[in-house]
Amino acid sequence: MKHSVNILIFPAGAENALELYRSLRYAPRFKVFGASSVEDHSAFVYEPENCIYGLPYIQSPDFLEAFNTVLHEHNIHMVFPTHDDVSLFLLENKESIDALVVGSSVSTALICRDKRLLYNRFKNFSFCPICFEQKEESIFPLFAKPARGQGGQGCSIVNSDQEVSAVLQDPAMLLC
(Lines give C-alpha, C1' and ligand atoms only; values in the text may rest on other atoms or scores of the structure.)
Protein backbone atom coordinates (compact mmCIF):
# COMPACT_ATOMS: atom_id res chain seq x y z
CA MET A 1 0.00 0.00 0.00
CA LYS A 2 1.29 3.43 -0.87
CA HIS A 3 2.08 5.86 1.94
CA SER A 4 -0.31 8.78 1.96
CA VAL A 5 0.81 10.79 5.00
CA ASN A 6 4.39 11.75 5.73
CA ILE A 7 5.00 12.37 9.42
CA LEU A 8 7.97 14.11 11.04
CA ILE A 9 8.92 13.39 14.64
CA PHE A 10 11.02 16.28 16.00
CA PRO A 11 13.31 15.95 17.85
CA ALA A 12 13.66 12.28 17.01
CA GLY A 13 16.02 10.70 19.54
CA ALA A 14 14.48 10.98 23.02
CA GLU A 15 12.60 8.05 24.50
CA ASN A 16 9.14 9.56 23.90
CA ALA A 17 10.08 10.18 20.25
CA LEU A 18 11.28 6.60 19.86
CA GLU A 19 8.05 5.31 21.43
CA LEU A 20 6.04 7.40 18.96
CA TYR A 21 8.15 6.06 16.10
CA ARG A 22 7.62 2.45 17.25
CA SER A 23 3.86 3.03 17.40
CA LEU A 24 3.65 4.51 13.89
CA ARG A 25 6.33 2.79 11.83
CA TYR A 26 4.18 -0.10 10.63
CA ALA A 27 1.02 1.90 10.00
CA PRO A 28 0.46 1.36 6.28
CA ARG A 29 -0.62 4.90 5.47
CA PHE A 30 2.26 6.65 7.25
CA LYS A 31 5.85 7.22 6.30
CA VAL A 32 7.69 8.30 9.42
CA PHE A 33 10.68 10.64 9.39
CA GLY A 34 12.78 11.74 12.33
CA ALA A 35 14.65 15.04 12.57
CA SER A 36 17.05 16.45 15.12
CA SER A 37 19.54 19.26 15.41
CA VAL A 38 22.29 16.79 16.28
CA GLU A 39 22.84 13.16 15.39
CA ASP A 40 21.47 10.99 18.17
CA HIS A 41 20.14 7.53 18.96
CA SER A 42 17.49 7.84 16.26
CA ALA A 43 20.23 6.97 13.73
CA PHE A 44 20.04 3.40 15.06
CA VAL A 45 16.25 3.18 14.98
CA TYR A 46 14.76 5.03 12.00
CA GLU A 47 15.26 4.00 8.40
CA PRO A 48 18.51 5.74 7.36
CA GLU A 49 16.84 7.57 4.46
CA ASN A 50 14.24 8.93 6.88
CA CYS A 51 16.69 10.50 9.36
CA ILE A 52 17.31 14.22 9.05
CA TYR A 53 20.06 15.89 11.04
CA GLY A 54 21.56 19.33 11.26
CA LEU A 55 18.47 21.46 11.76
CA PRO A 56 19.25 24.68 13.62
CA TYR A 57 18.04 24.86 17.21
CA ILE A 58 14.64 26.51 17.64
CA GLN A 59 16.32 29.60 19.14
CA SER A 60 18.16 30.23 15.86
CA PRO A 61 16.77 32.97 13.60
CA ASP A 62 17.24 30.50 10.70
CA PHE A 63 15.18 27.73 12.26
CA LEU A 64 11.78 28.31 10.61
CA GLU A 65 13.26 28.65 7.13
CA ALA A 66 15.39 25.52 7.53
CA PHE A 67 12.49 23.61 9.09
CA ASN A 68 10.12 24.51 6.25
CA THR A 69 12.78 23.48 3.74
CA VAL A 70 12.89 20.02 5.36
CA LEU A 71 9.10 19.84 5.33
CA HIS A 72 9.00 20.61 1.61
CA GLU A 73 11.92 18.34 0.66
CA HIS A 74 10.25 15.34 2.33
CA ASN A 75 6.63 16.32 1.62
CA ILE A 76 5.84 16.28 5.36
CA HIS A 77 2.16 16.65 6.22
CA MET A 78 2.24 16.42 10.03
CA VAL A 79 4.82 17.27 12.70
CA PHE A 80 4.84 15.62 16.12
CA PRO A 81 6.98 17.69 18.52
CA THR A 82 8.49 15.58 21.30
CA HIS A 83 10.08 18.14 23.61
CA ASP A 84 8.20 20.71 25.68
CA ASP A 85 10.18 23.72 24.41
CA VAL A 86 9.92 22.53 20.80
CA SER A 87 6.21 21.88 21.17
CA LEU A 88 5.58 25.34 22.59
CA PHE A 89 7.71 27.01 19.91
CA LEU A 90 6.06 25.13 17.03
CA LEU A 91 2.57 25.78 18.36
CA GLU A 92 3.32 29.48 18.85
CA ASN A 93 4.61 29.62 15.26
CA LYS A 94 2.19 27.21 13.60
CA GLU A 95 1.01 29.85 11.11
CA SER A 96 4.59 30.01 9.76
CA ILE A 97 5.05 26.23 9.53
CA ASP A 98 4.14 24.47 6.30
CA ALA A 99 2.65 21.36 7.93
CA LEU A 100 0.14 20.56 10.64
CA VAL A 101 1.69 20.74 14.11
CA VAL A 102 0.08 18.03 16.23
CA GLY A 103 -0.35 19.18 19.80
CA SER A 104 -2.44 20.96 22.36
CA SER A 105 -3.31 24.63 22.43
CA VAL A 106 -0.59 27.19 23.13
CA SER A 107 -2.09 27.88 26.56
CA THR A 108 -1.94 24.17 27.45
CA ALA A 109 1.65 23.94 26.19
CA LEU A 110 2.57 26.97 28.33
CA ILE A 111 1.04 25.39 31.43
CA CYS A 112 2.85 22.12 30.73
CA ARG A 113 6.18 23.92 30.27
CA ASP A 114 6.06 26.18 33.35
CA LYS A 115 5.59 24.48 36.72
CA ARG A 116 4.60 27.80 38.30
CA LEU A 117 1.63 28.05 35.90
CA LEU A 118 0.86 24.35 36.32
CA TYR A 119 0.88 24.45 40.11
CA ASN A 120 -1.20 27.62 40.11
CA ARG A 121 -3.74 25.91 37.86
CA PHE A 122 -4.03 22.94 40.25
CA LYS A 123 -3.39 24.68 43.58
CA ASN A 124 -6.79 23.68 44.99
CA PHE A 125 -6.20 19.96 44.47
CA SER A 126 -4.60 17.74 47.10
CA PHE A 127 -2.06 16.28 44.64
CA CYS A 128 -0.53 19.67 43.91
CA PRO A 129 2.76 20.47 45.70
CA ILE A 130 2.81 23.38 48.12
CA CYS A 131 5.14 26.10 46.81
CA PHE A 132 6.69 28.78 48.98
CA GLU A 133 7.28 32.28 47.64
CA GLN A 134 8.60 33.72 50.87
CA LYS A 135 10.41 32.41 53.88
CA GLU A 136 7.97 30.72 56.24
CA GLU A 137 8.49 28.48 59.21
CA SER A 138 11.33 26.16 58.43
CA ILE A 139 10.10 22.69 57.63
CA PHE A 140 12.89 20.63 56.18
CA PRO A 141 13.66 19.10 53.87
CA LEU A 142 12.23 21.22 51.05
CA PHE A 143 12.72 20.72 47.34
CA ALA A 144 14.03 23.33 44.91
CA LYS A 145 13.55 23.03 41.15
CA PRO A 146 13.48 25.25 38.09
CA ALA A 147 10.03 26.47 37.08
CA ARG A 148 10.99 25.52 33.52
CA GLY A 149 12.96 22.35 33.12
CA GLN A 150 12.77 18.61 32.85
CA GLY A 151 14.29 15.39 34.05
CA GLY A 152 15.36 16.60 37.47
CA GLN A 153 17.92 19.01 35.98
CA GLY A 154 18.77 21.81 38.42
CA CYS A 155 16.84 20.24 41.32
CA SER A 156 18.13 20.02 44.86
CA ILE A 157 17.12 19.24 48.42
CA VAL A 158 17.00 22.30 50.70
CA ASN A 159 17.99 21.68 54.31
CA SER A 160 18.67 25.10 55.84
CA ASP A 161 17.33 28.65 56.13
CA GLN A 162 20.37 29.87 54.16
CA GLU A 163 19.52 27.54 51.28
CA VAL A 164 15.88 28.70 51.42
CA SER A 165 17.00 32.32 51.11
CA ALA A 166 19.24 31.50 48.14
CA VAL A 167 16.47 29.66 46.30
CA LEU A 168 13.95 32.43 46.91
CA GLN A 169 16.41 34.97 45.45
CA ASP A 170 16.26 33.24 42.06
CA PRO A 171 12.96 33.96 40.24
CA ALA A 172 13.57 30.99 37.95
CA MET A 173 13.36 28.54 40.88
CA LEU A 174 10.47 27.04 42.82
CA LEU A 175 10.61 25.98 46.43
CA CYS A 176 8.24 23.13 47.31
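Me: Why is aspartate 84 called partly exposed?
Reply: Its relative accessibility is 36%, and partly exposed means in between buried (under 20% relative accessible area) and exposed (over 50%), with a 1.4 Å probe and protein chains only. So aspartate 84 counts as partly exposed. Bear in mind this is a predicted model, where local features need pLDDT of at least 70, side-chain atom pairs count only at pLDDT 80 or more, and totals for chains, interfaces and linings use all residues. Residues are numbered from 1 along each chain as its sequence is written, and side-chain values use heavy atoms, with hydrogens and water left out.

Me: What makes aspartate 85 and arginine 113 a tie between separate parts of the chain?
Reply: Their closest N and O atoms are 2.5 Å apart, a salt bridge. Aspartate 85 sits in helix H3 and arginine 113 in helix H4, so parts 28 residues apart in sequence are tied together. Helices are DSSP runs (H or I, at least four residues), strands too (E, at least two), numbered from the N terminus.

Me: How do you know that arginine 148 belongs with these?
Reply: Aspartate 85 also forms a salt bridge with arginine 148, at 3.2 Å between the closest N and O atoms. Shared partners join Asp84, Asp85, Arg113 and Arg148 into one network.

Definitions and conventions
A salt bridge is a side-chain nitrogen of Lys or Arg within 4 Å of a carboxyl oxygen of Asp or Glu.
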